[in-house]
Amino acid sequence: LQPGDQVSYATDGDLGTAVQATGQYRWQLIVDLQQPTTLGSMTVSMPQRAFGTAFHVDASTDSSAWTTVGTVTDSGWGTVPVVFSSPLSTRYLRIVADKPDNGGQTGGQMAINEVGAYAPAAPATSQPDLALGKPAQALYIDGTQAQMQPNSLPSYAVDGDPTTYAQATQQYRWIEQVDLQQPRSLDVITLVQPD
């Protein structure tokens, strides 16, 4: 490992620490969940100073037979989600650096701040849409009210009709703000955009 790094930094809950191998560009990190666990997704967080642009994730129940469960390409620094195609039961997760695999490449070399592992989310269709019909407004980035495209209203984003949509005009960057009218606990937010 790089001087001062520890493998435990990848699971210490602190994005200010990171682990990075030395001696070879490609390396792998194995996380032992300590018991078989059903997962739907995971995250790999990497620092801006050193990150993998491509990596894959393998899973195993016994740390000897591995199955690739996720592949990421064209990634950057920050927190990268890896959503499994279906829930899987595993004890071990292995993150394998694919790129950079030599000097002078974007990212330098993969370093890992943190690995997250998450249970499968309940399907969004089985949960009530807490934003449906709630007050909505469109704002420019500076907080002023946004002008809307013809035949577009902020409320169209929460009307439950996928054929209508909200879109600001005059500025590319803008905010759609929805008032849920009371504090709510959320674990999934969906955003549907037209073609």
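I began with Tyr92, which counts as buried because its relative accessibility is 13% (buried is under 20% relative accessible area, exposed over 50%, partly exposed in between, with a 1.4 Å probe and protein chains only). This is a predicted model, where local features need pLDDT of at least 70 and side-chain atom pairs 80 or more, while totals for chains, interfaces and linings use all residues. Residues are numbered from 1 along each chain as its sequence is written, and side-chain values use heavy atoms, leaving out hydrogens and water.

Next I looked up aromatic pairs (ring centres within 6.5 Å, using the six-membered ring of Trp; planes under 30 degrees apart are stacked, over 60 edge-to-face, the rest tilted) and found 1. Trp66 is partly exposed, at 22% relative accessibility.

I also saw the charged end of Arg94 over the ring of Trp66, 4.2 Å from its centre (CZ of Arg or NZ of Lys within 6 Å of the ring centre and within 35 degrees of the ring normal).

**The cores**

Then I turned to nonpolar cores (buried Ala, Val, Leu, Ile, Met, Phe, Trp, Tyr and Cys joined through side-chain atoms within 4.5 Å). The largest has 25 residues, and Leu29, Met42, Phe55, Ile95 and Ile112 have the most contacts inside it.

I checked Leu29 for contacts (heavy atoms within 4.5 Å): leaving out residues up to four places away in sequence, its neighbours include Val7, Leu93, Arg94 and Ile112. A second, separate core has 6 residues, among them Tyr140 and Met148.
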